[in-house]
Amino acid sequence: MVRKVSFLLLVFLIVAVSGKKSDEKNKPQWAKKDIRDYTDADMERLLEQWEEDEEPLEPDELPEHLRPQAPIDLSKLDVNNPEAMVRESKKGRTVMAFVQVGGSSSREESETITKIWQSSLWNNHIQAERYMIEDARAIFMFKDGAQAWVAKDFLVEQEQCESVTIESKKYPGKYSAEKDEL
């Protein structure tokens with residue numbers, strides 16, 4: 001057993017030592033440096049060289065800011081409805097909705113209420129992540145931005161919803177005191 005292990009180690013050592021090594025004369029000047037002396041430009045060159053033979057990522061694997069925008073069919077849009085146009089332009093993009101819980105709710109009550117809203121949205125196949133940012137304020141994050149407006153329609157109908165803000169536009173809740181002021 002020990003002889004087999006020793007033999008295998010010897011074979012691996014021979015293979016490792018006999019592996020091809022670049023000729024020092026053919027290397028560019030930056031490649032002759034000690035790795036600890038590399039500049040940012042050297043590291044960038046090294047990264048480009050490393051990624052040279054890699055296949056490009058599929059569009060759905062790219063980070064969101066590098067993904068191609070889905071084509072918008074302008075013939076189906078109502079130019080008199082700017083909200084529908086914005087909704088279509090946000091398809092496939094991340095959108096955040098800021099939701100203000102009404103009443104004198106504590107953080108725990110607000111969290112419970114928004115958790116119920118999130119579950120209701122998920123039950124309606126609207127995927128939203130929820131983050132509490134203040135005692136009575138939460139962020140609902142939608143991976144598909146077009147769903148944010150559908151969720152907004154649901155949220156403003158809720159009795160405890162004070163307001164929903166999407167893309168800097170504020171929508172007061174149906175039972176909100178703000179709605180009466182407008």
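Glu-54 first. In this predicted model, Glu-54 is partly exposed, because its relative accessibility comes to 49%. Glu-54 sits in the loop that links helix 2 (40-51) to helix 3 (82-89).

Now the salt bridges. How many turn up in a search of the whole structure? The search finds 7. I'll take three of them.

One is in helix 2. Asp-42 pairs with Arg-45, with 2.8 Å between the closest N and O atoms. Both residues belong to helix 2, 3 residues apart, so about one turn of the helix. Is Asp-42 buried or exposed? Asp-42 is buried, at 3% relative accessibility. Arg-45 is partly exposed, at 35%.

Next, Glu-157 and Lys-174. Their closest N and O atoms are 3.4 Å apart, and they form a salt bridge. Glu-157 is in the loop between helix 5 (146-155) and strand 4 (161-166), while Lys-174 is in the loop between strand 5 (169-172) and helix 6 (177-181). So this pair ties together parts 17 residues apart in sequence. Both ends are partly exposed: Glu-157 at 41%, Lys-174 at 42%.

Back to Asp-42 and Arg-45 for a moment. Lys-33 belongs with them: salt bridges with shared partners link Lys-33, Asp-42 and Arg-45 into one network.

Last pair: Arg-36 and Asp-34. Their side chains meet in a salt bridge, 2.7 Å from N to O. Arg-36 is exposed, with 71% relative accessible area. Asp-34 is partly exposed, at 32%.

How values were computed
Residues are numbered from 1 along each chain as its sequence is written. This is a predicted model: local features need pLDDT of at least 70, side-chain atom pairs count only at pLDDT 80 or more; totals for chains, interfaces and linings use all residues. Side-chain values use heavy atoms; hydrogens and water are left out. Helices (H or I, at least four residues) and strands (E, at least two) are DSSP runs, numbered from the N terminus. Buried means under 20% relative accessible area, exposed over 50%, partly exposed in between (1.4 Å probe, protein chains only). A salt bridge is a side-chain nitrogen of Lys or Arg within 4 Å of a carboxyl oxygen of Asp or Glu.
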